[in-house]
Amino acid sequence: MDLDTLKLNPLGLTYAFSIYREYMEYRLTIDKITPQTKEWTSKVHLIKKPRPRKSKDGKTRFQIVVVQDENEDKVAAVLYGEDIEKDAHKLTPFSTYLISTAKVRIPLPYRVPTNRFEWVIDRFTVVEEVKDDNIQDPPLPPPTRLNTIHFAYLQEQQQNKEFGNHNFTHIIAVVVNCGSIKYDGANSNKCREIIIMDTGMNSFILMLWEDFDDVDGSILAAQVAKYPVIVAKRITRTTYGGLSLSTRYNSVILINPPYPQVGRLQNW
């Protein structure tokens, strides 16, 4: 039933508003959702989507994404097995979604928690993308909260230990050079060396290993002439070729994400 029809039918208009009001009553922000919340829908931005990985015993394949709501409160959402592929086309970074009735649980003890709870997205969870042309219920605005670490403090980070994990600390930098694919390390792993720089003209080598080389490295190689900006998380400091940075199995590399800090760096 379209809007013109509803205008000609007051009862239809009343019914539509009652449905909308009932729907909005179930709309909750992340901080209001607990394991005891039975029916709920949350409007969220997908802000991080690391690659799927396997449990230590190799038996379980899982993926942990991070979403945030209109208040920029965050929560991790976990997908397992076939659900990863089922929702792969739906869950794209910086798109807005309505997620309904995911399982809510206390984070597993071996993970660094994003929130006091985490969600599990499975075949019973409803995931609906909010389109850009949705005037009545538009997508969320681009995120603004981004905690970064200055390059000057990178040398203070412990060698070969992951950082950029606690308190959502990120590296933000311009890519000024992107090398070609090569094979290095004890097992001749595939890698790519890129050079990143901050506004203080401090530069570092960032090594992209294996699938980070395949995916992110290929994109950066194609865009390097335009000096793309990256936001990197969960990377480590190494002594490869001197002091440098390196991806890990759970790193996240975002290329030209829609943060205002990235926009300022692009105009630098």
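Modeller: Before we start, a strand here is a DSSP run of E with at least two residues, and strands are numbered from the N terminus. Also, this is a predicted model.

Biologist: Thanks! Which strand is Val44 found in?

Modeller: Val44 is part of strand β1.

Biologist: And is Val44 buried or exposed?

Modeller: Val44 counts as buried, because its relative accessibility is 0% and the cut-off for buried is under 20%.

Biologist: What does Val44 touch, leaving aside neighbours within four places in sequence?

Modeller: Its contacts, with those neighbours set aside, include Ile30, Val67, Trp119 and Leu140. Leu140 is 96 residues away along the chain, yet the two C-alpha atoms are separated by 7.3 Å.

Biologist: How about His45, where does that lie?

Modeller: His45 lies in strand β1 too, which covers residues 41–48. His45 has 3% relative accessibility, so it counts as buried.

Biologist: What does the His45 side chain reach?

Modeller: The backbone oxygen of Pro141, at 3.3 Å. Beyond four places in sequence, His45 is also in contact with Pro142 and Pro143, among others.

Biologist: Switching topic: what volume does the second largest pocket have?

Modeller: About 320 Å³. It is lined by 19 residues, and those closest to its centre are Lys49, Arg51, Pro93, Asp216 and Ile253.

Biologist: Which elements give two or more residues to that lining?

Modeller: They are β3 (61–68), α3 (82–86), α4 (211–223) and β18 (252–255). By class, the lining has 12 nonpolar, two polar and five charged residues.

Biologist: Why does the second largest pocket count as lying between domain 1 and domain 2?

Modeller: Because domain 1 (27–130) and domain 2 (151–159 + 166–267) both give residues to its lining.

Notes
Residues numbered from 1 in each chain as written. Predicted model: local features only at pLDDT ≥ 70, side-chain atom pairs only at ≥ 80, totals over all residues. Heavy atoms only, no water. Helix = DSSP H or I, 4+ residues; strand = E, 2+ residues; numbered from the N terminus. Buried < 20%, exposed > 50% of the residue type's maximum accessible area, 1.4 Å probe, protein only. Polar contact = N/O pair within 3.5 Å; in protein donor to acceptor, adjacent residues only side chain to side chain. Contact = heavy atoms within 4.5 Å. 1 Å grid on protein atoms, 1.4 Å probe; cavity = no way out; pocket = protein on both sides within 12 Å on 5 of 7 lines; lining within 4 Å. Points joined across faces, edges and corners; volume = space filled by probe spheres on them. Nonpolar A, V, L, I, M, F, W, Y, C, P; charged D, E, K, R; others polar. Domains from an automatic or database assignment.
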